[in-house]
Amino acid sequence: MSYAIKEIFLTLQGEGGQIGRTAVFCRFTGCNLWSGQEADRASAVCQFCDTDFVGMDGVGGGRFADVQMLANAIEQCWGQRDQKQRFVVFTGGEPLLQLDEQLIQALKQKDFYIAVETNGTLPVPKGVDWICVSPKAGAELVQTYGDELKLIYPQEGLDPQDFIEFAFTTFRLQPKDDHNKKEHLQKAIEFCQNNPVWHLSLQTHKLIGIP
Ligand SMILES: C[S@@+](CC[C@H](N)C(=O)[O-])C[C@H]1O[C@@H](n2cnc3c(N)ncnc32)[C@H](O)[C@@H]1O
Ligand SMILES: Nc1nc2[nH]cc(C(=O)O)c2c(=O)[nH]1
Ligand code: SF4
Ligand SMILES: [Mg+2]
């Protein structure tokens, strides 16, 4: 299978339970909840996306003809850094439209610890080490277990407490970044303080100005 990749870059994981860890981010092109075109945003299922996942024109992006070519590009992005610490985060767009067991196995053979950021509408393939699910109002949740459930807050028609029955190790509330982000942060702080199973997740890469 070939893979359509928006960008591949090295940064620090900015969000959630692996925060601060040096990682190769592999961002897949395309999503099933929004076309990525601004003209479609208001009619999309997911309307608050902060990411450009359209096309293959980002740093390190492109069409990868087979699994080895993509795995090699991810390895090359990690470079000569400590092999025992190798860490890749698959995101997008929606990575589960393309991420398959073959790619996971190819990276395992290169000793990568593998994380995925998904909207939870598709099942995570076998072999992923860290599953982060971020459910979206109006989209069916299919992936109901994982290492963290990272809910963007607030979302109309979505009550965080409806999720705590699912089999996630941790529950995080991440304030929605939009024109009202200060207000969303205050609401998220308040919600966490009143419902301590929820931990606050901040997008620290935005705070420190890295990708
Ligand atoms: C761009 S998404 C890609 C992965 C996947 N499609 C998903 O939604 O989880 C990566 C992460 O950013 C979060 N995110 C997207 N837009 C955001 C925003 N405006 N404010 C806060 N978090 C946001 C998503 O919920 C998800 O946890
Ligand atoms: N540094 C950094 N951390 C992130 N964690 C999740 C991200 C994403 O867009 O999936 C992201 C991102 O875009 N950058
Ligand atoms: S599901 Fe994820 S990638 Fe798709 S539009 Fe929403 S936040 Fe963006
Ligand atoms: Mg991001």
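Helices (H or I, at least four residues) and strands (E, at least two) are DSSP runs, numbered from the N terminus. Axes are lines fitted to C-alpha atoms, for helices over the stretch in contact, and angles run from 0 to 180 degrees between N-to-C directions. This is a predicted model: local features need pLDDT of at least 70, side-chain atom pairs count only at pLDDT 80 or more, and totals for chains, interfaces and linings use all residues. Residues are numbered from 1 along each chain as its sequence is written, while chains are lettered from A and ligands numbered from 1 in the order in which they are written. The briefing covers the sheet, its helices, the core, the ligand shells and some backbone details.

**Sheet**

- An open sheet of 9 strands has the order β3-β1-β2-β4-β5-β6-β7-β8-β9, with mixed pairing. Two strands pair if DSSP finds at least two bridges between them.
- The edges are β3 (62-64) and β9 (198-200); each has a single partner strand, so one side of each lacks a neighbour in the sheet.
- On average, neighbouring strands of this sheet are turned by 30° against each other, direction ignored.
- Strands β2 and β4 run parallel and are joined by 4 bridges. Phe25 has Val89 in β4 as its bridge partner.
- Strands β4 and β5 also pair in the parallel sense, over 4 bridges. Here Val89 has Ala115 in β5 as its bridge partner.
- Strand β8 (residues 167-175) pairs with β9 in the parallel sense over 3 bridges. Phe171 stands opposite Trp198 in β9.
- Strands of a sheet pair through backbone hydrogen bonds, either parallel or antiparallel.

**Helices on the sheet**

- Two residues are in contact if their C-beta atoms, placed from the backbone, lie within 7 Å.
- Helix α1 (residues 67-78) lies across β1 (3-12), β2 (22-28), β3 and β4 (87-91). Its angle to β1 is about 15°.
- Helix α3 (residues 181-194) lies across β7 (145-153), β8 and β9. Its angle to β8 is about 145°.

**Burial and core**

- A residue is buried if 20 or more other C-beta atoms lie within 10 Å of its own, exposed if 12 or fewer, and partly exposed in between; C-beta atoms are placed from the backbone.
- In β4, 4 of the 5 residues are buried, so the strand is largely enclosed by the rest of the structure.
- In β5, 5 of the 6 residues are buried, so this strand too is largely enclosed by the rest of the structure.
- A nonpolar core is a set of buried Ala, Val, Leu, Ile, Met, Phe, Trp, Tyr and Cys residues joined through C-beta atoms within 7 Å.
- The largest nonpolar core has 41 residues; Val24, Cys26, Ile74, Val88, Leu107 and Val116 touch the most other members. Strand β2 gives the largest share of this core, 5 residues.
- Leaving out residues up to four places away in sequence, Val24 touches Ile8, Leu10, Ile74, Cys77, Trp78 and Val88.

**Ligand shells**

- A residue is near a molecule if its C-beta atom, placed from the backbone, lies within 6 Å of it.
- Ala, Val, Leu, Ile, Met, Phe, Trp, Tyr, Cys and Pro count as nonpolar, Asp, Glu, Lys and Arg as charged, and the others, Gly among them, as polar.
- Ligand 1 is surrounded by 19 residues, the closest being Asp50, Thr51, Asn119, Ser134 and Asp177. Its shell divides into 4 nonpolar, 8 polar and 7 charged. Strands β5 (113-118) and β7 each supply at least two residues of this shell.
- Around ligand 2 are Thr11, Leu12, Gln13, Gly14, Glu15, Thr51, Thr91, Glu117, His205 and Pro211.
- Residues around ligand 3 include Cys31, Cys46, Cys49, Thr51, Gly92, Gly93 and Asn119. That shell divides into 6 nonpolar, 4 polar and 2 charged.

**Backbone details**

- Gly92 and Gly93 are joined by a cis peptide bond, with omega about 15°. Gly93 lies in the loop between β4 and α2 (101-108).
- A cis peptide bond also joins Tyr153 and Pro154, with omega about -5°. Pro154 lies in the loop between β7 and β8.
- Asp111 is not a glycine, yet has a positive phi of about 65°. Asp111 sits in the loop between α2 and β5. It counts as exposed because it has 12 C-beta neighbours inside 10 Å.
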